[in-house]
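User: I would like to learn how to read the features of a protein model, one at a time. Where should we begin?

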Amino acid sequence: MRKEREQLEHRMLQANAAYADESRGRMQPEEECEIRTCYQRDIDRIIHSKAFRRLKHKTQVFLSPEGDHYRTRLTHTLEVSRIARTIARALMLNEDLTEAIALGHDLGHTPFGHAGERALAVLMKDEGGFTHYNQSLRVVDKLEKEGRGLNLTYEVRNGIVRHTVAPPADTLEGRVVKLSDRIAYINHDMDDAIRAGILEESDIPEEISCALGERYSERINSIILDVIRSSEGQLDILMSPEITFVVESFHDFMFRAVYKNQKAKSEETKVHGLIEGLFLHYLEHPEQLPAEYKLVADTEGVKRAVCDYISGMTDKYCVDDYSRHYIPAAWQIK
């Protein structure tokens with residue numbers, strides 16, 4: 001069945017797509033699955049990972065919002081996956097590879113979103129730094145499965161680590177995910193900001209509404225259609241100059257109105273102290289780290305192990321763990 005699927009890819013996909021049977025392989029060679037292609041297998045490994053499940057309880061943009069309908073890091077990941085798969089299918093690229101990269105791109109994200117990432121970047125500045133995209137690669141290569149990693153294919157790993165910064169991914173599928181990530185977050189973060197009362201529909205700049213549409217679904221659809229039309233027959237994943245300008249304006253507007261909004265970000269000032277407190281505690285008490293992180297401490301140093309442990313925490317677990325170490329517990333006299 002796997003071989004039939006691989007042959008089908010050669011008949012259906014465009015010449016510049018990443019064919020599963022031409023993958024550069026895994027760091028540790030394995031026997032191929034009889035049913036699934038290598039990229040389908042990577043999808044399953046990511047979905048069944050602990051890091052993927054924890055995304056449900058990690059901040060996307062708003063810390064601890066009251067309400068059940070705000071995005072989390074998991075719902076963001078699923079929205080990126082759907083946008084990326086739509087584009088990949090239309091351009092006759094490998095949809096399985098695209099999905100695997102999309103599902104794995106944020107596995108290394110910290111609790112409390114980019115506020116948590118900034119805190120760990122400061123704490124790790126003398127140890128090689130910290131970025132969520134490099135941490136996502138560490139998760140799949142070293143941290144999952146009690147230190148054995150997921151042993152993903154080169155193409156999935158390459159797409160994960162390059163989903164944010166240059167140089168671009170080696171595959172067109174990886175480049176689709178990078179653009180889809182941006183399409184997803186600027187649109188759904190605006191939707192959440194309106195839901196939270198940070199923005200009103202009337203605050204949306206006229207040039208965005210005129211070019212992309214007045215509704216959330218219209219804006220996403222307009223950008224996706226432009227990407228597909230602009231990328232057909234090209235060796236890159238592109239937007240037209242007109243839509244690129246609008247999307248850049250959209251991004252700038254979101255930074256001014258939401259990502260740096262004092263009301264929306266007021267609680268983020270507490271994040272650094274919380275994460276620094278936990279960081280210092282585990283530096284002083286590395287024996288309290290879980291077993292797999294003690295192995296990291298032995299090979300890469302205690303700071304890297306502590307960083308790995310804290311970056312994997314959910315928002316709630318991070319707060320609860322801080323409370324266990326620093327907040328006096330109630331007790332009763334028997």
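**Reading a helix, then the fold**

Analyst: Begin with helix length. The expected span of a helix is 1.5 Å times one less than its number of residues. Helix H11 (residues 216-231) has 16 residues and should span 22 Å; its end C-alpha atoms are 23 Å apart, which agrees. Helices (H or I, at least four residues) and strands (E, at least two) are DSSP runs, numbered from the N terminus. This is a predicted model: local features need pLDDT of at least 70, side-chain atom pairs count only at pLDDT 80 or more, and totals for chains, interfaces and linings use all residues. Residues are numbered from 1 along each chain as its sequence is written, and side-chain values use heavy atoms, with hydrogens and water left out.

User: Which residues of H11 are buried?

Analyst: Buried means under 20% relative accessible area, exposed over 50%, partly exposed in between (1.4 Å probe, protein chains only). In H11 the buried set is Arg219, Ile220, Ile223, Ile224, Asp226, Val227, Ile228, Ser230 and Ser231.

User: What covers the buried residues of H11?

Analyst: Look for contacts, meaning heavy atoms within 4.5 Å. The cover includes helices H4 (73-90), H9 (172-196), H10 (206-212) and H12 (241-259). Just after H11, Gly233 has a positive phi of about 75°.

User: Which residues other than glycine have a positive phi?

Analyst: Phe112 is one, with phi near 65°. Phe112 sits in the loop between helix H5 (95-104) and helix H6 (113-123). Its relative accessibility is 5%, so Phe112 counts as buried. Glu146 is another, at about 55°. Glu146 belongs to helix H7 (residues 132-147). At 44% relative accessibility, Glu146 counts as partly exposed.

User: Where is the cis peptide bond?

Analyst: Check omega. The bond joins Ala166 and Pro167, with omega about -5°. Pro167 lies in the loop between helix H8 (154-161) and H9.

User: How many helices and strands does the protein chain have?

Analyst: The count is 17 helices and 0 strands.

User: What does the radius of gyration say about the protein chain?

Analyst: The radius is taken over C-alpha atoms, and the globule rule is 2.2 Å times the number of residues to the power 0.38. For 334 residues, a compact globule would have a radius near 20 Å; the protein chain has 21 Å, which agrees. Its C-alpha atoms fill a box of roughly 70 × 55 × 40 Å along the principal axes. Buried residues make up 54% of the 334. Among contacts with a separation of 6 or more, 70% join residues 24 or more positions apart.
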